[in-house]
Amino acid sequence: KSFISHRLTNYLTWYGLRTKVFNVGAYRRAVGGNEDAEFFDANNKDAVAKRENLAWTVLNELLAWLVDGEGDVGIFDAT
């Protein structure tokens with residue numbers, strides 16, 4: 001999915017649109033997320049809540065970027 005996101009970004013940018021990928025995994029790693037496999041366990045309620053919070057944070061950044069007029073197309077890249 002990330003490969004397709006970046007290819008699409010390259011094409012849309014070439015086409016003249018201001019495009020940016022907002023990747024939840026990259027955001028998680030940037031804020032110090034060095035989680036093990038337990039973090040991604042669907043039965044781990046605390047981890048599920050943290051993952052959803054990260055996803056909402058990145059989605060809100062994407063929306064703010066669009067609303068502020070900084071770009072034309074935002075691509076939300078998350079699992």
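Guide: Two strands pair if DSSP finds at least two bridges between them. Strands (E, at least two residues) and helices (H or I, at least four) are DSSP runs, numbered from the N terminus. The model shown is predicted: local features need pLDDT of at least 70, side-chain atom pairs count only at pLDDT 80 or more, and totals for chains, interfaces and linings use all residues. Residues are numbered from 1 along each chain as its sequence is written, and side-chain values use heavy atoms, with hydrogens and water left out.

Visitor: In which sense do S1 and strand S2 pair, and over how many bridges?

Guide: S1 and S2 (residues 73-77) run parallel, with five bridges between them. Within this pairing, Val21 has Ile75 of S2 as its bridge partner. The chain as a whole contains three helices and two strands, in the order α-β-α-α-β along the sequence.

Visitor: How many residues of strand S1 are buried?

Guide: A residue is buried under 20% relative accessible area, exposed over 50%, and partly exposed in between (1.4 Å probe, protein chains only). In S1 (residues 19-23), four of the five residues are buried. For the chain of 79 residues, the buried share is 27%.

Visitor: Why does Asp77 count as buried?

Guide: Asp77 counts as buried because its relative accessibility is 5%. This residue lies in strand S2. Contact means heavy atoms within 4.5 Å; beyond four places in sequence, Asp77 touches Lys1, Ser2, Ser5, Val21, Phe22, Asn23 and Val24.

Visitor: What is Asn23 in contact with, leaving aside its neighbours within four places in sequence?

Guide: Asn23, in strand S1, contacts Ser2, Arg29, Val58 and Asp77. A polar contact is a pair of N or O atoms within 3.5 Å; within protein, one must be able to donate a hydrogen and the other to accept it, and residues adjacent in sequence count only if both atoms are side-chain atoms. The Asn23 side chain lies 2.8 Å from the backbone nitrogen of Gly25.

Visitor: Which helix gives the largest share of the lining of the largest pocket?

Guide: On a 1 Å grid over the protein atoms alone, a pocket is an open set of points where a 1.4 Å probe fits, with protein on both sides within 12 Å along at least five of seven lines; lining residues have an atom within 4 Å of a point. Here H3 provides the largest share, five residues, of a lining of 17 residues. Val24, Gly25, Phe40, Arg51 and Thr79 lie nearest the centre of the pocket.
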